[in-house]
Amino acid sequence: MYLLLDIFGYLSVVLRGLILIAQSFTLGGLAFQLLLWGPLQPELSVYGLTIEERCRAFLRFSAFAWALLTVASLALNAAALVGTLQVPWSEAVSADFGRADLVIAACAVGITVLANGPAHRLRSAALLALSVLALAMQTRLTHAASRPDVRWPLLLSDAGHMAGAAVWIGGLPYFLIALNGCKDAGDWRLIARRYSLMSMAAVAAIVCGGLVMAANYIGSVAAIYGTAYGVMTLAKLGLLLMLLTLGAGNYFLVERLRRDPSTPILRLKRFAEVEIGIGLTVLLAAASLTSLPPGADLPHDRLAWHEIVERATPQWPPRLTSPDYDKLTVAQLQAKITLADAGRANAQAAYVPGEGTILPRNAEDIAWSEYNHHWAGIFVVLIGLLALVEHFRWGRWARHWPLLFLAMAAFLFFRADEQAWPLGPAGFFESLRDPEVAQHRIFVLLIAVFGLFEWRVRLRGSKAGPAALVFPLTTALGGALLLTHSHAIANIKDQLLIEMSHTPLALCGVAAGWARWLELRLDGRVSRAAAWIWPVAFILVGLILLDYREA
């Protein structure tokens, strides 16, 4: 129970993100079936039984996952209430969030069952009713439901926002299934045109709902840059702009396909794949956003613009020397405790992973952290530069740049968490009870994995096969996870200043990962442009790390 409470905050964000993903795929699949596949099926050149069965199978899987994840979220939240407030399980489960979760799970199970057969009018009406009910219950778990003033505009905006995301992002897998299943150019044109119209309507719902929520939850320009909620909203906006850029490219391709049925659709498919990946990142960011209090509710302790400018102003040279370990807070506290407890069988530990105690920070602690970030920045800048050099004929020697990832992973493994093994008093497995340490270990593992895979890809060239996709997927996943990463710092201003550096890192990581994906999955001008975009994104990541400061 104590371990669960220690990592509750991070687990709840991740679970919420997975729920939004499963919800979007479920509702998006129903929208695809009711608005596109059903009306267009008589006009298609083939019956498409295989396509319909694949879409139904993915819909059933998504709905069942939605139900399971919702129940898991209910159990996690109830366990947190039981563990902290000592309330009975029955009372915890019957709270407002518990009743809403139970209704959502029941609706998802109903969709799973009803989606098992061919669509007809009565079945479609039942599926639509369950979807509307589940979406209505989902709005009861948002900020809108807790507002003390008039709530129905915010509830409607939340519902429209989520419905728009479901139709656009959640419908993309079904769109790809249909494109891959059809072989006739006329079918591609009909499907692409209808889905393009659906996506534009979905974008309108997303933007309108987002503007209403932003006006109420943020409230002022100062709250945009002065609160964590505003910063995460800017991150979502950045991801939305990436999606709109891809969507615009697909729109022009669809228009060209409408005029010339012989137009190849490979780029349409590849852009849709990237839209899915960035769309999932948007949903994870949305889950992180729901865990933050609205900026309008935090009128005090906001960051001032001059504080942001002061922190963001580059300082040269970067910190390349590290303080001694015995000067750090955790080492000094442990030395004092050990001296005071001399002669006792079990000396008290200065740092106990996961207990939630925040150690004070001295100048050496800050210098230690900045040293780590600055050296990581040097690694990343070198990686980006060598990846650019590799494009030239004289730079083939630079193809071994992925080995720098292994060096950086080893560096971060030893240095990232001074209170944990191998430097600190906490053992390796014991330290994983601290959510921040656990997240750092996950990032180190990701770095090592895609370093090894990408080195193998560089050595094998065009013969690398699916292994080449590990690098872009891992990079994009790292960026997405960074949007859910949080720091337990008592001073909200310090926390927000750190988040302001993590957010652009995450966006650059997402851009780099999916640009590399397009380089591998396409050819021609798009592939060549993407081959330059992702190394530049890596260089930007490195420069941000080199400018990292905590004071």
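User: How are angles between helices classed, and what does the classing say of α15 and α16?

Analyst: Angles under 35 degrees count as roughly parallel, over 145 as roughly antiparallel, 65 to 115 as roughly perpendicular and the rest as oblique. In this predicted model, helix α15 (residues 363-389) and helix α16 (residues 403-415) pack at about 170°, with axes 10 Å apart. The two helices are therefore roughly antiparallel. Residues are numbered from 1 along each chain as its sequence is written. Local features need pLDDT of at least 70, and side-chain atom pairs count only at pLDDT 80 or more.

User: Which residues make the contact of α15 with α16?

Analyst: Contact means heavy atoms within 4.5 Å. Among the residues that meet it are Trp368, Tyr371 and Phe379 of α15, and Leu404, Phe405 and Arg415 of α16. By class, this contact has 15 nonpolar, 1 polar and 1 charged residues.

User: What does Thr112 touch beyond its neighbours within four places in sequence?

Analyst: Thr112 is in contact with Arg60, Ala63 and Phe64. The side chain of Thr112 also reaches the backbone nitrogen of Phe64 at 3.2 Å.

Notes: Heavy atoms only, no water. Axes fitted to C-alpha atoms, helices over the stretch in contact; angles between N-to-C directions. Helix = DSSP H or I, 4+ residues; strand = E, 2+ residues; numbered from the N terminus. Nonpolar A, V, L, I, M, F, W, Y, C, P; charged D, E, K, R; others polar. Polar contact = N/O pair within 3.5 Å; in protein donor to acceptor, adjacent residues only side chain to side chain.
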